[in-house]
Amino acid sequence: TGKSVVLKKGSPYKELVRQLQERLNAHKANVGKADGKFGDKTRRGLHAFQQARINEGRDVGCRYNGNEPDDKCGELT
């Protein structure tokens, strides 16, 4: 899109969501089929991925949120 996009539940960016789903599946955050639809399964997988990275001491863009998973995928996630 040429600008920074934040993916979250209901996101209209189907191709970017599909890529996110593929990456989450590769990291064992099982989100099922990479269909480009950001629903509950993708949200839960992203939440688990963010929590695991936070536990490792990584910045996934949630510092403003008390360093708790926010279930959104921006540049740092």
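**Figure 1. Contacts and overall dimensions of the predicted model.** Among contacts (heavy atoms within 4.5 Å) between residues at least 6 apart in sequence, 31% join residues at least 24 apart. This is a predicted model, in which local features need pLDDT of at least 70 and side-chain atom pairs count only at pLDDT 80 or more, whereas totals for chains, interfaces and linings use all residues. Residues are numbered from 1 along each chain as its sequence is written, and side-chain values use heavy atoms, with hydrogens and water left out. The protein has 2 helices and 0 strands, where helices (H or I, at least four residues) and strands (E, at least two) are DSSP runs numbered from the N terminus. With 77 residues, a compact globule would have a radius of gyration near 11 Å, and the 12 Å of the protein agrees with this; the radius is taken over C-alpha atoms, and the globule rule is 2.2 Å times the number of residues to the power 0.38. Taken along the principal axes, the C-alpha atoms fill a box of roughly 30 × 30 × 20 Å. Of the 77 residues, 31% count as buried, a word that stands for under 20% relative accessible area, while exposed stands for over 50% and partly exposed for what lies in between (1.4 Å probe, protein chains only).

**Figure 2. Helix α1 and its buried face.** The end C-alpha atoms of α1 are 18 Å apart, in agreement with the 18 Å that its 13 residues should span at 1.5 Å a residue; the expected span of a helix is 1.5 Å times one less than its number of residues. Buried in α1 are V17, L20, Q21 and L24. Seen down the axis of α1, these buried residues fall within an arc of 100°, so they line one face of the helix, the arc being that of the directions from the helix axis to the C-beta atoms. On the other side of α1, R23 and A26 are exposed, and the cover over the buried residues of α1 includes α2. After α1 comes K28, whose phi is positive, near 65°.

**Figure 3. Helix α2 and the residue that follows.** Helix α2 covers residues 40-55, 16 residues in all, and reaches 22 Å from its first C-alpha to its last, close to the 22 Å expected at 1.5 Å a residue. Its buried residues are T42, G45, L46, F49, Q50, R53 and I54, and what covers them includes α1 (14-26). Just after α2, G57 takes a positive phi of about 90°.

**Figure 4. The largest nonpolar core.** A nonpolar core is a set of buried Ala, Val, Leu, Ile, Met, Phe, Trp, Tyr and Cys residues joined through side-chain atoms within 4.5 Å. The largest one has 11 residues in all, namely V5, L7, V17, L20, L24, A29, V31, F38, L46, F49 and C73. Both α1 and α2 supply at least two residues of this core, and the largest share, 3 residues, comes from α1. In soluble globular proteins, nonpolar side chains tend to be buried together. For A29, leaving aside its neighbours within four places in sequence, the residues in contact are L24, G45 and F49.

Figure 5. In helix α1, E22 and R18 lie 4 residues apart, about one turn of the helix, and their side chains meet in a salt bridge at 2.3 Å, N to O. E22 counts as partly exposed at 41% relative accessibility, and R18 is likewise partly exposed, with a relative accessible area of 23%. A further salt bridge joins the side chains of R53 and E56 (3.0 Å, N to O); R53 counts as buried at 18% relative accessibility, whereas E56 is partly exposed, with a relative accessible area of 47%. E56 also forms a salt bridge with R58, the closest N and O atoms being 2.8 Å apart. Through shared partners, salt bridges join E15, R18 and E22 into one network.

**Figure 6. Surroundings of G74.** G74 lies in the segment after α2 and counts as partly exposed, at 25% relative accessibility. Not counting residues up to four places away in sequence, G74 touches V5 and V6. From C-alpha to C-alpha, G74 and L16 are 11 Å apart in space, although 58 residues apart in sequence.

How values were computed:
Salt bridge = Lys/Arg side-chain N within 4 Å of Asp/Glu carboxyl O.
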